[in-house]
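Hello,

Here is the structure we talked about handing over. Please look through it before reading my notes below.

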Amino acid sequence: MRCDKFLNAVNITKRRAVAEDMLAHQVVFVNNMPVKKSKEIKVGDIIEIRYLERSDKFKVLQIPATKSTPKSKMAEYVEKLEGGN
């Protein structure tokens, strides 16, 4: 699944346009590499979003089959990692 769609589908971002903007400004990293919105996300990838004061890291557990998932099921798809600021 494309990075922009994945961020929106698992509720890391509220809208896909927000995900696209974050990717355009290179604040999203997959496995410590800045990525474009077309980057394919795979199980086991580490996604890091670097904000101004902190960063959030997520490990991809599975790829959703639908384009949106309930916020209550976010933990099935990504695990929030410690180590972000």
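Which residue in E5 does phenylalanine 58 stand opposite? The residue is lysine 80. Please keep in mind that this is a predicted model. The mean pLDDT of the protein chain is 93, and 96% of its residues reach 70 or more.

The strands make an open sheet of 5, in the order E2-E1-E3-E4-E5, with antiparallel pairing. Its edges are E2 (33–34) and E5, each of which pairs on one side only. In general, strands of a sheet pair through backbone hydrogen bonds, in either a parallel or an antiparallel way.

E3 and E4 form a hairpin, with 4 residues between the two strands. They run antiparallel and are joined by 5 bridges. Within this part of the sheet, arginine 50 stands opposite serine 55 in E4.

On the E5 side, 4 bridges join E4 to E5 (residues 78–81), and these strands also run antiparallel. Besides the phenylalanine 58 and lysine 80 positions, lysine 59 has glutamate 79 in E5 as its bridge partner.

The core

The largest nonpolar core has 19 residues. Those with the most contacts inside the core are Cys3, Leu7, Ile12, Val28 and Ile47. Both helices and strands contribute: H1 (3–9), H2 (16–24), E1 (28–30), E3 (46–50), E4 (55–60) and H3 (74–77) each supply at least two of the core residues. As a general point, nonpolar side chains in soluble globular proteins tend to be buried together.

If you want one residue to start from, take cysteine 3, which is among the core residues with the most contacts there. Leaving aside residues up to four places away in sequence, cysteine 3 touches Leu23, Val28, Val30, Val35, Lys36, Lys37, Lys39 and Ile41. One of these, Val28, is also listed among the core residues with the most contacts.

How many aromatic pairs does the structure hold? The count is 0.

Regards

Methods: Residues are numbered from 1 along each chain as its sequence is written. This is a predicted model: local features need pLDDT of at least 70, side-chain atom pairs count only at pLDDT 80 or more; totals for chains, interfaces and linings use all residues. Side-chain values use heavy atoms; hydrogens and water are left out. A nonpolar core is a set of buried Ala, Val, Leu, Ile, Met, Phe, Trp, Tyr and Cys residues joined through side-chain atoms within 4.5 Å. Buried means under 20% relative accessible area, exposed over 50%, partly exposed in between (1.4 Å probe, protein chains only). Contact means heavy atoms within 4.5 Å. Rings of Phe, Tyr and Trp (its six-membered ring) pair if their centres lie within 6.5 Å; planes under 30 degrees apart count as stacked, over 60 as edge-to-face and the rest as tilted. Two strands pair if DSSP finds at least two bridges between them. pLDDT is the predictor's confidence in each residue, from 0 to 100.
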